[in-house]
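Me: I would like to go through this structure with you, one topic at a time. Could we begin with the part around the ligand?

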Amino acid sequence: MKPSQKKMDTDARVISQQVLLSILKHHHSLTPEQLKPLEKLDDPRDRRWAREIIYGVMRWRVRLDAIISRLLNKPIKAKDQDVHIAILMGLYQLIYMRTPDHAAVSVVVNLVKRSGKPWATGLVNASLRRFIREQDKLSALVDQNDAVRLSHPDWLFSEFKKNWPQQAELIMKNNNTRAPMTLRVNKNLSARNEYSLQLTKKSIAHTCSELQPDAITLEQPMESKLLPGYDAGVVSVQDSAAQCAAALLCLRKGNKVLDACAAPGGKSAHILESCSDLESLTVLDIDPVRVESIKKNMQRLRLPAANIKLEYKVMDALFSGKALATQRFDRILLDAPCSATGVIRRHPDIKFFRRPADIEKLLALQYQLLTTLWSLLAPKGILLYATCSIFNTENSQQIQQFLAANDNARELPFDMPWALKMPVGCQILPGNDLNTVNADGFYYARIQRVN
Ligand SMILES: C[S@@+](CC[C@H](N)C(=O)[O-])C[C@H]1O[C@@H](n2cnc3c(N)ncnc32)[C@H](O)[C@@H]1O
């Protein structure tokens, strides 16, 4: 490899542009896998910068694109999407990172030069300089459209307005913020206050919410492997909203539990940490790679306790009715595939990859999963339905429909002081001004089998 090539491979700006290209051009989701190239950056400041710009561009892309369309006479061709991305990166630095004008422009002009497109340097330079001159006017112009101002695609903007007329503006503002990093302390290995002391000793600022017994929220996110005791299984990273499932299941000694859409296994692990005298836990997911990652995580967390039978199943839960027909479970967790509209601040790519047609398909799948899993529940057993969606059709309407169609199902209501009580179940809306824990958007409903 030529020295200049090596330099480019380890340059935060080049790497950020490549990651964004892979997401926007090749439609790859913003997964940890996609962020792997950042590991080539030795300096943690470079890794932070790259994450900031990648997430930031994804969060603000709708608004930034609206500005670009005012700056250019004609759209950039699809084959030159790297040039378009360079301008997005320049605008993001100018507007949201407060990078000095000359530095933001020169970073982007150099990026374009290096990518072998010298013809584009004039275009990029002129666009960004015009933006600097006319920033106030251009911003006011694009912000006349509320969906653009809040940087959401039109259909998603309309759905949020329809579902949450009072809160939609805040929801979308929160979707454009950074999510907090929350930990779950493995109570088999440490009490929360002991772990909190360890963090304090290492000067890692954090808070312990009174509302979530196992949770600790860090003031600043950090790489999880640098957390004290991480490799030894003392903590996991899990949002406060996701930490509700284990308690809502009302686990009892001797219970047979099924986690039907389990990967990557955060809630399964919390179930095992919460109750050390279950009879069994069956961990099921359709995705074999993700099931392997659950196994690794269980090993790290030193789970399960020796007396609990832990079984892994790679299968479509829609066929679990037949495959698991000989068993009846006392508790079933259905953390259903969903629109993930409650976790947009963590996964801003959802704004672009989710389509209205997906919602119809998800609704049908969720209902089929509910019906199939219901047949596996023992009399008096409890099924906990969860989604990280904030669309009512996927949540309380789905469960209302299910209750209406099944005489042997009744709601087991519960209170959650930081969630909204829905006609059935509770809805957490995302962000600290919509719930006191600053959790993700999440929905829970608990149904009991009467006979
Ligand atoms: C919301 S995630 C579950 C998160 C998990 N409960 C946790 O806390 O870590 C949904 C999971 O459902 C799985 N899934 C989707 N369709 C499925 C199906 N038909 N049968 C089983 N699993 C399915 C996906 O592979 C994905 O891992």
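Reply: The buried residues of H12 are Lys267, Ser268, Ala269, His270, Ile271, Leu272 and Glu273. Please keep in mind that this is a predicted model.

Me: How many residues of H12 are buried, and what follows from that?

Reply: 7 of the 9 residues of H12 are buried, so the helix is largely enclosed by the rest of the structure.

Me: And which residues are closest to the ligand?

Reply: The ligand is surrounded by 18 residues, and the closest are Lys267, Asp285, Asp316, Ala317 and Asp335. Lys267 is also one of the buried residues of H12.

Me: What is the distance from Lys267 to the ligand?

Reply: An N or O atom in the side chain of Lys267 is 2.9 Å from an oxygen atom of the ligand.

Me: How much of the ligand does the protein cover?

Reply: On its own the ligand has 610 Å² of accessible area, and the protein covers 85% of that.

Me: Which elements give two or more residues to the shell?

Reply: Those elements are helix H12 (266–274) and strand S6 (280–285).

Me: What is the make-up of the shell by class?

Reply: The shell around the ligand has 10 nonpolar, 6 charged and 2 polar residues.

Me: Back to Pro264 for a moment. Where is it, and what is its peptide bond like?

Reply: Pro264 is found in the loop between strand S5 (256–259) and H12. The peptide bond from Ala263 to Pro264 is cis, with omega near 5°.

Me: What about Leu303 and Pro304?

Reply: Leu303 and Pro304 are joined by a cis peptide bond, with omega about 0°. Pro304 has its place in the loop between helix H13 (288–300) and strand S7 (309–314).

Me: New topic: how many aromatic pairs are there?

Reply: A search of the whole structure finds 7 aromatic pairs. In one of them, the rings of Trp60 and Tyr96 have their centres 4.7 Å apart and their planes at 20°, so the pair is stacked. The cut-off behind that label is an angle under 30 degrees between the planes.

Me: Which parts does that pair tie together?

Reply: Trp60 lies in helix H3 (residues 44–71) and Tyr96 in helix H4 (residues 81–96), so the pair ties together parts that are 36 residues apart in sequence.

Me: Are those two buried or exposed?

Reply: Trp60 counts as buried, at 16% relative accessibility. Tyr96 is partly exposed, with a relative accessible area of 24%. The limit for buried is under 20%.

Me: Which residues form a cluster with them?

Reply: Trp60, Tyr92 and Tyr96 form one aromatic cluster.

Me: And Phe442 with Tyr444, what is the geometry there?

Reply: Phe442 and Tyr444 form a stacked aromatic pair, with 5.3 Å centre to centre and 25° between the planes. Both Phe442 and Tyr444 are buried.

Me: Which charged groups sit over rings?

Reply: Among them is Arg61, whose charged end sits over the ring of Phe352, 4.5 Å from its centre. Lys295 lies over the face of Tyr312, at 5.3 Å from the ring centre.

Me: Where are they, and are they buried or exposed?

Reply: His27 lies in the loop between helix H2 (12–24) and H3, and counts as exposed at 55% relative accessibility. Ser151 is in the loop between helix H7 (146–149) and helix H8 (154–163), and counts as buried at 0% relative accessibility.

Conventions:
Residues numbered from 1 in each chain as written. Predicted model: local features only at pLDDT ≥ 70, side-chain atom pairs only at ≥ 80, totals over all residues. Heavy atoms only, no water. Near = heavy atom within 4 Å. Polar contact = N/O pair within 3.5 Å; in protein donor to acceptor, adjacent residues only side chain to side chain. Areas by Shrake-Rupley, 256 points an atom, 1.4 Å probe, with all protein chains shown as cover. Helix = DSSP H or I, 4+ residues; strand = E, 2+ residues; numbered from the N terminus. Nonpolar A, V, L, I, M, F, W, Y, C, P; charged D, E, K, R; others polar. Phe/Tyr/Trp six-rings, centres within 6.5 Å; stacked < 30°, edge-to-face > 60°. Buried < 20%, exposed > 50% of the residue type's maximum accessible area, 1.4 Å probe, protein only. Lys NZ or Arg CZ within 6 Å of the ring centre and 35° of its normal.
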